[in-house]
Amino acid sequence: MDISNQQIEAIVKQVLSNLSGTGAATSSVSHASGPIPSKARVAMLTELGKMEVKEFPMPEVGDDDILVKVEGCGICGTDSHEYKRDPFGLIPVALGHEGTGEIVKLGKNVTKDSAGKDVHVGDKIVTCMIFKDNPDITMFDLNKKNVGGADVYGLLPDDGVHTNGWFADYILVRGALGSTFFNVSDLDLDSRILIEPCAVLVHAVERAKSTGILKFNSRVVVQGCGPIGLICVAVLKTMGVQNIITVDGNPARLEFSKKLGATDTVNFKDYSGIEDMAKGVESKFGGHLADFAFQCTGSPAGHSNIYKFVRNGGGLCELGFFINGGDATINPHFDICSKELTIVGSWVYTLRDYATTFDFLKGAKAIGLPISELITDKYPLSQVDEAFKKAAAQTGLKIAVVAD
Ligand SMILES: NC(=O)c1ccc[n+]([C@@H]2O[C@H](COP(=O)([O-])OP(=O)(O)OC[C@H]3O[C@@H](n4cnc5c(N)ncnc54)[C@H](O)[C@@H]3O)[C@@H](O)[C@H]2O)c1
Ligand SMILES: [Zn+2]
């Protein structure tokens, strides 16, 4: 039997990898912890409304790569949009961008995270955006860019290696792509799963602060009590804002907003029209309209209404329209000009906001806000399709897929 040198090398590699229990090349790996299976399980969206757990060979870890054992990943509204309509045309795709897990293999060139913090096997990380045009992200750059225009793991085209989304048991963070990531070993699992949506609100509040109107003693309306509005309340409360009224039509969500820092609530179903509702807000603020309002619904009617809650000279932040949700009607004279309103829009976040989010999560915990209760349901990876159906039913808040 003729065996070439290349074949011998392949056989030796295979035997060595079986001995170490890894199944992946080890030459460029500086650390290894525990046995790693030879296959990775990845949940792929294979057709509209169908997530399938597939098995692929465990990827090789290059000198600039990180192999992560996934602990959990939240389902985002964007994932639900992909599941229902595939607006980005990515099918088949490994979804999941709100994920976190433990480093199990580290390429030898990877020594620091995107904030300059040391990383080792065993550390817990989250990924942030992938900069195609600027792979040299350092702490000094953290302010530079909004994530818009960049890629994220979990919304990348399938590339043959497959492990590029967080609904999986392993994900390969690829150095060559210009990935950014953070060592968040000092946060508990639930906090780590919530980092990405929380960064959206840290960014929105930073945008709001740029108006100069949002202050410690401001009266603030947060309209919409889905995960986004609820986290908005928690960020404001953690910052020290004391006077927050939430607006929604869902009594359970309104009630939960009080646990996260709302002082009072307005259920729009108790009012007949926006003028009446604005009077409700005014009376709950003791005869004043809001100094500032956050619009956290994807409803055009919600956008039209938000102006009526704000006093002359006040401000508002519109962040409810991550995607095009249609046009909204306003009265430019009454709503903007004669009110001398200051409006900011907010979309996703910067790298800097990620770093701030870690401090927010610790601060929220320190003042006893039950942030982890935002995760209402956890499904094992094997039940990822059920998890997506639960998210689509909108009967919980944040739905997470966790390691099984
Ligand atoms: N700016 C960003 O970067 C960004 C990021 C993520 C999500 N979003 C957007 O934020 C919005 C909220 O996200 P979510 O996950 O909390 O959604 P969600 O659907 O879970 O929550 C929306 C809430 O708004 C309430 N609501 C709907 N219409 C209302 C109205 N007219 N008045 C008062 N309340 C109303 C609903 O009852 C619900 O509780 C979504 O549209 C989402 O696309 C924006
Ligand atoms: Zn998200």
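Ala168, setting aside neighbours within four places in sequence, is in contact with Ala40, Arg41, Val42, Ala43, Val70, Ala94, Gly96 and Thr163 in this predicted model. Ala168 and its contact partner Ala43 are also among the residues that touch the most other members of the largest nonpolar core.

**Nonpolar core**
- The largest nonpolar core comprises 114 residues, and those touching the most other members are Ala43, Val68, Phe167, Ala168, Leu201, Cys232 and Ala293.
- Helix H4, spanning residues 195-209, makes the greatest contribution to this core, with nine residues.
- This core lies between domain 1 (11-185 + 370-402) and domain 2 (198-345), because both domains give residues to it.

**Surroundings of Phe182**
- Phe182 belongs to strand S10, which covers residues 179-183.
- Phe182 counts as buried because it has 25 C-beta neighbours inside 10 Å, the cut-off for burial being 20 or more.
- Beyond the neighbours within four places in sequence, Phe182 is in contact with Asp113, Ser114, Ala115, Ile125, Val126, Cys128 and Tyr354.
- Phe358 is 176 residues away from Phe182 along the chain, and their C-alpha atoms are separated by 9.9 Å.

Conventions. Residues numbered from 1 in each chain as written. Chains lettered and ligands numbered in written order. Predicted model: local features only at pLDDT ≥ 70, side-chain atom pairs only at ≥ 80, totals over all residues. Core = buried A, V, L, I, M, F, W, Y, C linked by C-beta atoms within 7 Å. Buried ≥ 20, exposed ≤ 12 C-beta atoms within 10 Å, placed from the backbone. Helix = DSSP H or I, 4+ residues; strand = E, 2+ residues; numbered from the N terminus. Domains from an automatic or database assignment. Contact = placed C-beta atoms within 7 Å.
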